[in-house]
Amino acid sequence: MAESLHRDFWKSLSIDQRESIAARAGTTAEYLRQVLVYERQPSADMAKRLEDATAGALTRRGLRPDLFADMQVASR
């Protein structure tokens with residue numbers, strides 16, 4: 001289910017937004033596409049950087065539940 005949410009998130013972004021998020025995370029828009037559309041697993045560090053770059057729209061827990069499943073979900 002998270003995968004389709006990630007794919008939907010990707011589709012909701014403009015090209016400029018994709019580039020901006022990737023730049024803030026220190027990666028490329030192509031890598032971001034691979035993670036969100038093709039379910040490539042980012043490293044723990046990259047998952048954290050993507051969470052930061054999207055202000056929590058993507059979460060490290062959602063991107064890597066195998067590593068961060070035991071994290072508390074923060075109240076916003």
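Me: Leaving aside neighbours within four places in sequence, which residues is threonine 54 in contact with?
Reply: In this predicted model, threonine 54 belongs to the loop between helix H4 (44–53) and helix H5 (60–63). Once its neighbours within four places in sequence are set aside, the residues in contact with threonine 54 are Phe9 and Ile21.

Me: Is threonine 54 buried or exposed?
Reply: The side chain of threonine 54 reaches the backbone oxygen of glutamate 51 at 3.4 Å. The relative accessibility of threonine 54 is 11%, and since the cut-off for a buried residue is under 20%, threonine 54 counts as buried.

Me: Which residues touch the most other members of the largest nonpolar core?
Reply: The largest nonpolar core has 17 residues, and those touching the most other members are Leu36, Leu50 and Leu63. As for where the core comes from, at least two of its residues are supplied by each of helix H1 (2–12), helix H2 (15–25), helix H3 (29–36) and H4.

Me: How far apart in sequence are the parts that glutamate 39 and arginine 7 tie together?
Reply: Glutamate 39 and arginine 7 form a salt bridge, in which the closest N and O atoms are 3.5 Å apart. Because glutamate 39 lies in the loop between H3 and H4 while arginine 7 lies in helix H1, the pair ties together parts whose separation in sequence is 32 residues.

Me: What separates arginine 33 and glutamate 30 along helix H3?
Reply: Arginine 33 forms a salt bridge with glutamate 30, and the closest N and O atoms are 2.7 Å apart. Arginine 33 is partly exposed at a relative accessible area of 25%, and glutamate 30 is also partly exposed, at 35%. Because they are three residues apart in helix H3, what separates arginine 33 and glutamate 30 is about one helical turn.

Me: Over which ring does the charged end of arginine 60 sit?
Reply: Arginine 18 lies over the face of tryptophan 10, at 4.0 Å from the ring centre. For the charged end of arginine 60, the distance to the ring centre is 5.9 Å, and the ring is that of phenylalanine 68.

Notes. Residues numbered from 1 in each chain as written. Predicted model: local features only at pLDDT ≥ 70, side-chain atom pairs only at ≥ 80, totals over all residues. Heavy atoms only, no water. Lys NZ or Arg CZ within 6 Å of the ring centre and 35° of its normal. Helix = DSSP H or I, 4+ residues; strand = E, 2+ residues; numbered from the N terminus. Buried < 20%, exposed > 50% of the residue type's maximum accessible area, 1.4 Å probe, protein only. Polar contact = N/O pair within 3.5 Å; in protein donor to acceptor, adjacent residues only side chain to side chain. Contact = heavy atoms within 4.5 Å. Core = buried A, V, L, I, M, F, W, Y, C linked by side-chain atoms within 4.5 Å. Salt bridge = Lys/Arg side-chain N within 4 Å of Asp/Glu carboxyl O.
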